[in-house]
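The sequence and the model come first, followed by notes grouped by topic.

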Amino acid sequence: TSPGFALGLDVRYGFSARVDLRDPVDPETITADTPKNLTAAVALYKYFRLSGRLQCYASLGGGMEILMAEEKEYVSDLGSKIVIAAPARAVSPLAAGGAGLLAMLSRSLGLALDLQAAAIFRKKFQMLASPSLALVLKF
């Protein structure tokens, strides 16, 4: 591509977290794990030079998200069972955009700090925002 544009592959792994699920009928809560996920997007980057080694950029692209979830059953202290079903579709398309700063340490190696937002087209539409610090390799 040209000096101001680049194509890139952005791969992100999301760890699981713990959430408290509350039964609307009684005050009982159950702690459950959220699913891990993997997103991959091919993106077009536009760079704006701020100085010799520092650039800001914007990106736009598309790809997919993979939810790594299985059906899980949780039992409360009072013996109630809650079953959280696996998603009907583990793979969903996404559209992503982002912005950030790139500091080149050498001609082919740099560090990027950015924020990416992704629109994930699941059965129910979902937005995902993720900050990152990344190692950049230019070929």
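**Surface patch and selected residues**

Strand β1 supplies the largest share of the nonpolar patch, five residues. The model is a predicted one.

Nonpolar patch
- Phe5, Leu7, Leu9, Val11, Tyr13, Phe15, Leu38, Val42, Leu44 and Met68 make up a nonpolar surface patch of about 1000 Å².
- Two elements, β1 (5-14) and β4 (36-49), each give two or more residues to this patch.

Met68
- Met68, one of the patch residues, belongs to strand β5, which covers residues 54-68.

Ser59
- Strand β5 also holds Ser59.
- Leaving out residues up to four places away in sequence, Ser59 touches Ala43, Leu44, Tyr45, Ala96, Gly97 and Gly98.
- Among these contacts, Leu44 is also a member of the nonpolar patch.

Lys72
- Lys72 lies in strand β6, residues 72-75.
- Lys72 is in contact with Asp33, Ile82, Val83 and Ile84, when residues up to four places away in sequence are not counted.
- Between Lys72 and Ala17 there are 55 residues of sequence separation, and their C-alpha atoms are 15 Å apart in space.

Technical notes. Residues are numbered from 1 along each chain as its sequence is written. This is a predicted model: local features need pLDDT of at least 70, side-chain atom pairs count only at pLDDT 80 or more; totals for chains, interfaces and linings use all residues. Side-chain values use heavy atoms; hydrogens and water are left out. Patches are made of residues with over 30% relative accessible area and no salt bridge: like charges are joined within 9 Å, nonpolar side chains (Val, Leu, Ile, Met, Phe, Trp, Tyr) within 5 Å. Accessible areas come from the Shrake-Rupley method with a 1.4 Å probe; for residues, only the protein chains shown count as cover. A salt bridge is a side-chain nitrogen of Lys or Arg within 4 Å of a carboxyl oxygen of Asp or Glu. Helices (H or I, at least four residues) and strands (E, at least two) are DSSP runs, numbered from the N terminus. Contact means heavy atoms within 4.5 Å.
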